[in-house]
Amino acid sequence: SPTSCRATGRSAPAGATAPVYRFAKISNGAYFYTGNAGEKDIILASFPDFRYEGVAFQQSLTDGGQPVYRFANLLNGGYFYTGSAGERDIVIADYPHMRYEGSTFAVAAPEASGSVPVYRLANLMNGAYLYTTNSRERDAAAALGIWRIEGVSFWAPR
């Protein structure tokens with residue numbers, strides 16, 4: 001039976017997904033992710049410093065998805081995402097330069113059948129974060145010597 005769709009407020013069939021889009025900020029090497037097609041279109045039309053890199057992974061559109069929380073780093077212009085409410089609370093309490101922007105999309109619960117890991121890497125030079133489901137991309141970035149693999153940040157539906 002249909003449930004409430006997080007992205008649009010309309011009904012979505014159980015297991016419905018939609019893309020999460022990835023942008024690279026050319027001026028500082030940071031990455032930005034959005035599951036909102038309208039936000040994607042505004043960035044494409046109005047922010048030439050953001051290079052569109054396509055779909056990063058899928059988001060869950062049905063109730064029961066795990067929220068992912070977004071923070072804007074006011075010092076370096078980067079963005080940080082976490083699927084952990086505990087980690088969200090630590091960042092809010094201990095990192096005043098990180099502006100909390102709320103839950104921007106939802107993903108699969110870790111135990112969800114068929115979900116894929118979304119790896120988080122930290123850039124040791126500029127403080128940016130990269131999120132990818134591609135283990136080859138993860139390993140290639142780590143081999144550059146400036147990205148530290150931080151493990152699985154959250155799980156995306158297929």
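Let's start in the middle: the largest nonpolar core holds 36 residues, and Y33, F57, Y81, F105, Y131 and F154 have the most contacts inside it. Such a core is a set of buried Ala, Val, Leu, Ile, Met, Phe, Trp, Tyr and Cys residues joined through side-chain atoms within 4.5 Å, where buried means under 20% relative accessible area with a 1.4 Å probe, protein chains only. Strand β9 (residues 116-123) gives the most to this core, with five residues; strands are DSSP E runs of at least two residues, and helices are H or I runs of at least four, numbered from the N terminus. Please keep in mind that this is a predicted model, in which local features need pLDDT of at least 70 and side-chain atom pairs count only at pLDDT 80 or more, while totals for chains, interfaces and linings use all residues. Residues are numbered from 1 along each chain as its sequence is written, and side-chain values use heavy atoms, with hydrogens and water left out.

Now look at Y33, which lies in strand β4 (residues 31-34). Leaving aside residues up to four places away in sequence, Y33 touches V20, Y21, R22, A56, F57, R70, Y81, F105, L130 and Y131, a contact being heavy atoms within 4.5 Å. In a regular strand, side chains alternate between the two faces of the sheet. In β4 both faces are covered, with Y31 and Y33 buried on one side and F32 and T34 buried on the other.

The neighbour of β4 is β3 (residues 17-25), antiparallel to β4 and joined to it by four bridges; strands pair if DSSP finds at least two bridges between them. R22 has Y33 as its bridge partner.

Conventions: Buried < 20%, exposed > 50% of the residue type's maximum accessible area, 1.4 Å probe, protein only.
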